[in-house]
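User: Hi! I am new to protein structures and would like to learn how to read one. Could you walk me through some features?

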Amino acid sequence: MTLAIVLVIAAVLSLVFILRITVSRSLQVSGDSKLAGHLQPIDVEAFRNLVDPAEDEYLRRRLSLRQFRLVRRERLRATAAYVQVARRNAALLVHIGTIAMEGGNEQIAAAAQSLVNDALLLRRNATYAILKIYIARALPNWDLSGSPVLNSYERITTSAMLLGRLQNPAVPVRVSARY
Amino acid sequence: MLQAHSILWHYLWVAPNALLGVLAIIAWRRGLHKQFPIFFAFAIIGSGAQLSVYAADVIPSVPAETFWRVFWAGLLVEALLKFSLIGEIFAHVFGPYPSLAKLGRLLIRGVGMALVLSATLAAAYAQQDSPYWIIAGAHILEQTIYMIECGLLLFIFLFSAYFRLSSSRPVFGIALGLGISSCVHLANWAIAANGGLHASQRTALDFLNMATYHACVLIWFYYLLVPPKFATKSAVSIPEHNLEIWNRELERFLQP
């Protein structure tokens, strides 16, 4: 009977999750037009600096071990914040791209497909990066490379820009920026 | 009313399968069978298999053992079709995105293996609810199939939700119907296979299973045949702030 209870609870939770997705999918339609406004610009140069191994090496040489660990943890915390924003932006761009793919224009659909692919890659890499950052925060001496996220973000900005220009030549999308 | 061989019982067994057959015919006329060949096969063969089991149940000359053999055959055919259908849903949801399809395939294989292992263990520890192996085995097989089916569908829903992927309306409808059906059936067969229920309680569960399946067939009708309310979604508005800065900085940044 214990097995039956476990399976019933699992089945009910799965059903609730599936129904929740159905409801959220039907609610999404009304908010589609405001999606691009939720994109948060990212300071790519600052992010590049944070994940630069040369910067870490420089700090390691200049600071005591205790100070280096403190600084490194703070830098990792900032890196995580950037990656989280990139991850959220990627999710929004996936949604924007899939909407654009449903339009009739073939050129826009192809650009949207490219954007979605890049955004998915970024979200995947960002997820990996977040895991790596959490591990690195626990082990501050471990070498962290954020380059896959950075490279994905570079590609995604190109795709978003192309899609934005195809949809509305006068108004491009803003995904990254310098403050 | 809620008794085996009542009018409602006959209706709930026959109607969803007849409707599924009708859906297959309409899908064929609309050319949907080319887009969803496995769903089409599932609609034709699955409904045929269920109606065969129904016929074996209501024809008095069919002995009980033959009924259970037909039930087993129908169950195995349906399981094969449903797992193929899950593969078709997966291909439609993740296939267009190479950056995700490889990871998705890797993960679904892992999840599938874990589910097969868990379902086998659950079957090994399940109580036999009948002295006849052909009946108890059928109940445990139902539990095993729905455990794997429900787990695989949940994985597809979770994975696509995490990546904010919205599949097309028909694909979502097929996955939704199959998902609801597998969750409810899993819960029911888990109780049936492990609970040691009275005949009346088992009949009540049968009614719930059949009513859920009927609802799922209607969901498939709705998502496959009824056009969306918003045929073309509104164009995504693109933010207008910092346009010049954005262009200048982005283009400079993208230069090697």
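User: Is the crossing of H1(B) and H3(B) left-handed or right-handed?

Analyst: The crossing of H1(B) and H3(B) is left-handed. Keep in mind as we go that this is a predicted model.

User: How do I describe two packed helices?

Analyst: Two things describe such a pair: the angle between the axes and the distance between them. Here, helix H1 (residues 7-29) of chain B packs with helix H3 (residues 37-58) of chain B at an angle of about 155°, and their axes are 9 Å apart. Because of that angle, H1(B) is roughly antiparallel to H3(B); the cut-off for that label is an angle over 145 degrees.

User: Which residues of H1(B) and H3(B) make the contact?

Analyst: From H1(B), the residues include Trp13(B), Leu20(B), Gly21(B) and Trp28(B). From H3(B), Phe40(B), Ile44(B), Gly46(B) and Tyr54(B) are among them. Sorted by class, the contact of H1(B) with H3(B) has twelve nonpolar and five polar residues, with no charged residues.

User: Now chain A, please. At what angle do H4 and H5 of chain A pack?

Analyst: Helix H4 (residues 65-101) of chain A and helix H5 (residues 106-138) of chain A meet at an angle of about 155°, and 8 Å separates their axes. H4(A) is therefore roughly antiparallel to H5(A). Their contact has 23 nonpolar, five polar and four charged residues. As for handedness, H4(A) and H5(A) cross in a left-handed way.

User: Where is Arg164(B)? And what does Arg164(B) count as, buried or exposed?

Analyst: Arg164(B) sits in the loop between helix H6 (133-162) and helix H7 (169-194) of chain B. To judge burial, count C-beta neighbours: a residue is buried if 20 or more lie within 10 Å. Arg164(B) counts as buried because it has 21 C-beta neighbours inside 10 Å.

Note on methods
Residues are numbered from 1 along each chain as its sequence is written. Chains are lettered from A and ligands numbered from 1 in the order in which they are written. This is a predicted model: local features need pLDDT of at least 70, side-chain atom pairs count only at pLDDT 80 or more; totals for chains, interfaces and linings use all residues. Axes are lines fitted to C-alpha atoms, for helices over the stretch in contact, and angles run from 0 to 180 degrees between N-to-C directions. Helices (H or I, at least four residues) and strands (E, at least two) are DSSP runs, numbered from the N terminus. Angles under 35 degrees count as roughly parallel, over 145 as roughly antiparallel, 65 to 115 as roughly perpendicular and the rest as oblique. A crossing is left-handed if the near helix is turned anticlockwise from the far one by less than a right angle, and right-handed if clockwise. Ala, Val, Leu, Ile, Met, Phe, Trp, Tyr, Cys and Pro count as nonpolar, Asp, Glu, Lys and Arg as charged, and the others, Gly among them, as polar. Two residues are in contact if their C-beta atoms, placed from the backbone, lie within 7 Å. A residue is buried if 20 or more other C-beta atoms lie within 10 Å of its own, exposed if 12 or fewer, and partly exposed in between; C-beta atoms are placed from the backbone.
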